[in-house]
Amino acid sequence: MTTSRKVDKWLVVLVALHGVIACGGFFAPYDPVEQDRERPYARPMTLHLVDPQGQIRARPFFYPLRAREASSDQYEEDTARAIPLEFFAAGASYRLLGLLPCRRHLFGADGGRIYLLGSDGYGRDQFSRILYGGQVSLLAGLLGAGITLLIGLGIGAAAGYYGGWRDEVLMRLAELFLALPWLYLLFALRGFLPLAVSPLEAFLLIVVVSAAVGWARPARLVRGVVLTAKERDFLRAAIGFGASDGYLFRRHVLPETSSVLLTQAAILIPQYVLAEVTLSFLGLGVPEPVASWGNLLANLQQYSVLVSYWWMYLPALAMVPFFMGYLGLSSALQEWADSGKMEGWSEESAG
Amino acid sequence: MRNHRANSRQGLRFLRLLLVFTGGVSAVAVALAQPGVPNEDLHTLSGELGRAGGRLVVALRAEPKTLNPVLAMDAPSRDVIGTMQADLVHINRATQLTEPALAKSWKVSSDGLQYTLTLRRGLRFSDGQPLGADDVLFTFRVYLDESVHSPQRDLLVVGGKPIAVRKLDPYTLVFQFAQPYGVGERVFDGLAILPRHLLEKPYQEGKLGQVGTLSTPAIQWAGLGPFRLKEYVAGQRLILERNPYYWKTDTNGYRLPYLDELAFLFVPSSDAQVLSFQSGETDVISRLGAENFSVLSRQQRTYKMVDAGPGLEYNFLFFNLNDLGEKTPPEIARKQKWFREQKFRQAVSAAVDREAIVRLVYQGRGAALWGPVTPGNRRWVDAAIPHPARSLDQARQLLRQAGFRWTNQASGESVLVDADGKPVEFSILTSSSNAERTKMATLIQDDLKQLGVRIQVVPLEFRSLLDRVTQTKEYEACVLGLVSFDADPNSDVNVWLSRGATHLWNPSQAHPATPWEAEIDGFLEAQLTATSYPQRKKLYDRVQEILAQYQPMIFLASPDILVGAKNAVGNLHPAVLEPYVLWNVEQLYMRTGAENLRP
């Protein structure tokens, strides 16, 4: 496989994964905050195809759960009632891709709730929460990485291009940012904000903070690339022909940085998703009842949850394909860049 | 002053909101010579006969700050001191009634102002020095000395005057109260009698704080409790040994306690305590959450888990009803208009699904509450308080009567708005270290969403939460819990009196802010000086009824007292009063065959 084909392969995987999360409302059978107070900590339910009489049913079905005598978290299947799964069922309203109001879900059921991946301590569907939680976490990662790269590119390119005292100042600033104990600053920052922040404000805080923390490293990389680019003959020639700074930047400097930026993006996005997970785990993330991967995993802080309900680990498992996708993409990009083909590509695309 | 008393207790009570606890370690069999003292008035306890020897290991949440009962404020210190010291009259944690302790008997004068206590004869401190009336006189002098700053001092000031103590003869003391005191002899519970021979000199030199610390050599410290200091290893453990002079015996005449040693390990988190109990490192565990209780219950073999029933902890939601005048942040002042509306609070109460709280937060191991007195407090709970089922219809009706209405938003959501058309939304503070209360708040959030009210749950570190509620008063609503230290209403007086510092929704008022708070004040004060139980009960019932009617606090639920102990631990009778397991530590024993015996 050529290196560019490898990149394509990983891109397809990632686009598919993100597509599922982006259309989470469709794949999730329920509203992620809807509580089923009769069924906290229900274990993942099994879909059956064969009924008790040994007949094979056309549609998969499940048995509703009922609590065992004198227990609040142990359930048994009520085999007297088989509830068939309905595909493209109408259910809770949501907005497809955040825009189109919609009520259709990939699947649903009448007369009982199906918990494919179990329920949490409030009887909320873990499967729906993982999908909706992914929207928050991935968006935080994408936005955070985007802003970081923008800042990093601006500062790094300026430092590398202008050099001199500007370079000194900007790079010392970058070092300062690398050296700050960010977690504690974040706690302090949270202390200054009003007590109750809405989920949206909390989300923006995460994005802004992770972006503010991370720009130094890409900025240093970009500066290095720009420094070498500055010495290239074609650039010197362009200067000789009297090209303006803006033109040089756009036409010659930026394209040089694209390989660094793309690889950095593939590395930073999963990092920032993890940052959201960490911050939410520490209680600095989006507040309940909004789902995010970090919030879902924060349940595991309790020893009793840790040892009793294995399905509470599933959000961690859900992250794995995404991280593998980004990791594969970043190494494919690296390979591609090393093979020297990307420069030609970026030259073309920039032109 | 009664107010004061409650003030200082406030600190203690808040400390108890944090989870504590304990466990024990291995065993040493030491043959102790029974000191033969003639004419000893020993106290014989009935109950199962135990086996002498062995060591009980208990976990403590933190190191005790001191062993000196005069200065102890924190829960770990009090847990340890409880096993090293004794009081004149003691509240039996199982029956919740008083019984003779160092005082063999007591008489009350007909006007209720004078208590005459007779001490047991021939008792000795754990270092062998005899106990006499002078020790008691000295004890009360120290507790009442303002320069000592003992948290117990305010307990002993009745009607503005300190209790006067005088000695009639070496074994008889008279306690004079300035006014009748409804609590009666319960006032003596928990007041450890101090060893004068050890403390008089440091006290006179003003160095009381320097004795009875953890670094005090064991031979320089003594008490009248079943155990005495043996060894302290900083950061790890505190080992107590059997007090050979203890003044209780079993029905066979064996001098208690049965155990040779009592070891406290310092295990900081409740999850870590579960792990050390599971691994057999500690012998008993208490202050367990329901979820950890069910984890332990699922695999019990070498230990048994006991649900002792509802305790005295009550959890509640309350609103900021403080009147700060100009200084109130405008946002809070605007919302206080709703909070001050009685029907608004009643509507919130009607919308809260208490059964769900008991089921989801306590896994069914708890009781729903409609008033402050829990079903665990059998003597004082007012059975007449109604227990209405959750009703959103009733909540809507109450809100409509109070001038609220609903508007439909563009998103199709129905939103509750006040008379000015402003949407009703507020935030609820909870302690971030208490998963149970955070869960309650999250359930309430969902309950009220169904009324079109938007709520934000704000978990906050406990210290800063307290600071906001009691100092800066910058909050809207809060979910908190209190644990009464005694079943007697007196332990909670400071919560209900409008001038009390723990009157959480509007503390330390100069004058009662509302007529019903004034009414509560009146009943409470009458209750304090009434001396008969039926009289006091009637008055306290009225307090409970007013609280249930006006809902300054929306009472939610009370957790069961959940404990566990190795099967080897004998005489285990967990009580719903603190200390839940160790209250009868002198009778606890380790059965034979257990691995708890040292080879």
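A: What follows is a walk through the interface of chain B and chain A.

This is a predicted model, in which local features need pLDDT of at least 70 and side-chain atom pairs count only at pLDDT 80 or more, while totals for chains, interfaces and linings use all residues. Residues are numbered from 1 along each chain as its sequence is written, chains are lettered from A in the order in which they are written, and side-chain values use heavy atoms, with hydrogens and water left out.

Taking contact to mean heavy atoms within 4.5 Å, 29 residues of chain B touch 26 residues of chain A. Together the two chains bury about 2,300 Å², with 51% of it on carbon and sulfur atoms; buried area here is the accessible area (1.4 Å probe) that two parts lose on being put together, summed over both.

Between the chains there are 4 salt bridges, each being a side-chain nitrogen of Lys or Arg within 4 Å of a carboxyl oxygen of Asp or Glu. One salt bridge joins the side chains of E38(A) and R359(B), at 3.4 Å from N to O. The elements that give two or more residues to the side of chain B that touches chain A include α9 (354-361) and α11 (435-449) of chain B, helices being DSSP runs (H or I, at least four residues) numbered from the N terminus. It is α11(B) that gives the most to this side, with 9 residues.
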